[in-house]
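Let us learn to read a structure by asking simple things of it. Here it comes.

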Amino acid sequence: MPSPHPRRPLSGRPLSRRGFLAASAGTAAALGPAAWPARAAGGPRPFGRHGSPSSRRTPRTLYVDPLGRGDHTSVGDAVAAAAGSGWTLVLAPGVYRETVVLDATRTEATWIGASDDPRDVVIVHDRAAGTPKPGGGTYGTTGSATTTLQADGFTAHRITFANDWLRAAHPDITGTQAVAVKVQGDRSAFHHCRFLGHQDTLYADSLALTAFARQYFAHCYVEGDVDFVFGRATAVYEHCRFRTLDRTDLATAPYGFVFAPSTAGAGPFGYLVVGSRISSEAPDAYYKLARPWVPSSDTTARPSLVVRDTRLDAGIDAVAPYANMSASFPWQSQRFAEYRNSGPGARITVPENRPQLTDAQAGSATREAYLGDWEPWKQEC
């Protein structure tokens, strides 16, 4: 996703990698205490109630532990060993600093954080779109992803996906998109997970323009600043918390945008946010709720976003909550709507700037309508 502002010198000292993650964890108070790292890779039973290499929950369960008490010490090695369909990875508490790709052949995979606290299991790397590649060129937005998930039927429980690349530490790089996770598979579900980054944190997408990938995020926490939830997927965010970050490199609003959907024109549904909350570390009204992304690769896209029954705190600009990414594709021509939201950021002061669903239309803006015969909210772990 493009950056909305020219770069300016940063004031103050940048956070260290660990400091960034610690500060990020502190903002997610609802998910537990703010210690970092929390019980990292400790304790006599690193896999908790999920078995162990000597007592596997299923023959297709692999155990990952950075201290060597499992089958593998890295997530990437475990993924490589789990060829085919139906594998479960149980991740012991710890920080897994690596990039991971789950390709499209490894379907019906499940990753489980062995702790009840998602902050205890962290998959993290620090790469941006503008980071130079060893063989020349730069990684680009997709290549910046810490974790890339292409397979259908993926499920994650209680894991933190992070990209701790910081603008302040790299003033020479202008491509500041830094993806924590790119999700492309159909039927991808995340329960009690966290997604940490700044620009382009959570890339909820699909493998092709004609693939309407369904994704579900329940009781998750997402933070960032610019377009930090974006992409082409049909995605439901239920009982999630989104938090916008403060910025020292900008003097005026807007600091950024929460959502930037790029729904294909033929796709009946885009993003649905329901029963959630959007809070902010930034000054009041310094963030927009959304802007439409119509990428050059698909100029027929019609971005779709419905935010309903959600609290919008004062960080959202209530007067003008939407903005254009390109004057050629104004937000008013896209599929943006709200319904029964609350909080200071949801006040309707300029009605033409806040399109609302009717009660009848809201009857079709549900998780069941978006996800069809797939019912991921019934999954347990």
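**Contacts, cores and confidence**

Q: Which residues is Tyr237 in contact with, leaving aside its neighbours within four places in sequence?

A: Contact means heavy atoms within 4.5 Å. In this predicted model, Tyr237 is in contact with Leu202, Ala204, Phe217, Val229, Phe242, Tyr271, Leu272, Val273, Val274 and Ser276. Residues are numbered from 1 along each chain as its sequence is written. Local features need pLDDT of at least 70, side-chain atom pairs count only at pLDDT 80 or more, totals for chains, interfaces and linings use all residues, and side-chain values use heavy atoms, with hydrogens and water left out.

Q: What does the largest nonpolar core hold?

A: In soluble globular proteins, nonpolar side chains tend to be buried together. A nonpolar core is a set of buried Ala, Val, Leu, Ile, Met, Phe, Trp, Tyr and Cys residues joined through side-chain atoms within 4.5 Å. Buried means under 20% relative accessible area (1.4 Å probe, protein chains only). Here the largest core has 63 residues, and Tyr237 is among those with the most contacts inside it, as are Trp111 and Phe242. A second, separate core of 15 residues includes Tyr216 and Trp374.

Q: How many of the 381 residues count as buried?

A: The share is 56%.

Q: Where is confidence lowest, and where highest?

A: pLDDT is the predictor's confidence in each residue, from 0 to 100. The chain averages 91. Helix H1 (a DSSP run of H or I, at least four residues) is lowest, at a mean of 44. Strand E7 (a run of E, at least two) is highest, at 99. Over residues 23-40 the pLDDT is below 50. Where pLDDT is low, the predicted coordinates should not be read in detail.

Key:
Buried means under 20% relative accessible area, exposed over 50%, partly exposed in between (1.4 Å probe, protein chains only).
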